[in-house]
Amino acid sequence: MCYGMAIFSQWFDIKNGVRQGGVFSPVLCCVYLDGLLYALKSAGYGCFVGHVFTGAIAYADDLVLLAPSQNAMRHMLRVCEAYAGDYDMLFTASKSKCVVCSANISTQSCRLHNSSRFYISGNCIDVVDSWPHLGHIICKNSDDNLDILSRSSSFIAQANDVICTFGKLDCVTKMRLIVTAVVLWL
């Protein structure tokens, strides 16, 4: 056995991406995006909690940029564009959304003016009041009401499915099925 000896193949082109829905695909996407996350952190823009960079949150091909100002967001988008150019990636503005959150109630109703819009790859990113991300709804007013309503509706639908599917069973068994569904759902 040889230890410490690395063997490298010749370079080769990759002609396609990872398989949609593949078990290993999210891991491979994260490896591919790791350089982008490092570039965003190194740029020094975005949000920080203490000294910990929290300006980019990624899982597979879902990426969230968090910035404390419009200027910081523009810088982060430029970092993404540069990385995309270097690594033959594509950020699609039509699949991207911008939610402007504000803790100040007087600015919550404030809309971005045309000069304040955000762009990726030369295309404008839509500004919305709320948007789902990885199953949770993010709202501009930073409350969880829409997310709680969505989760409640989902639970009610699943409970009704159990009741309809197993309607002939006794109440105790149906309740156990619902409790099991809740535990699996969480």
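Reader: Which residues of helix α4 are buried?
Author: This is a predicted model, in which local features need pLDDT of at least 70, side-chain atom pairs count only at pLDDT 80 or more, and totals for chains, interfaces and linings use all residues. Residues are numbered from 1 along each chain as its sequence is written, and side-chain values use heavy atoms, with hydrogens and water left out. Helices (H or I, at least four residues) and strands (E, at least two) are DSSP runs numbered from the N terminus, while buried means under 20% relative accessible area, exposed over 50% and partly exposed in between, with a 1.4 Å probe and protein chains only. By that cut-off, the buried residues of α4 are D147, A159 and V162.

Reader: Which elements do the buried residues of α2 pack against?
Author: In helix α2, the residues A72, M73, M76, L77, V79, C80, Y83 and A84 are buried. Seen down the axis they fall within an arc of 155 degrees, so they line one face of the helix. Counting contact as heavy atoms within 4.5 Å, the buried residues of α2 pack against α1, β2 (52-53), β4 (62-65) and β6 (119-120).

Reader: At what angle do α1 and α2 pack?
Author: Two packed helices are described by the angle between their axes and the distance between the axes. Here the axes are lines fitted to C-alpha atoms over the stretch in contact, and angles run from 0 to 180 degrees between N-to-C directions. Helix α1 (residues 25-43) and helix α2 (residues 70-86) have axes 10 Å apart, and they pack at an angle of about 145 degrees.

Reader: Which residues of α1 and α2 make the contact?
Author: The contact is made by Y32, G35, L36, A39, L40 and A43 of α1, together with M76, V79, C80 and Y83 of α2.

Terms used:
Arc of directions from axis to C-beta.
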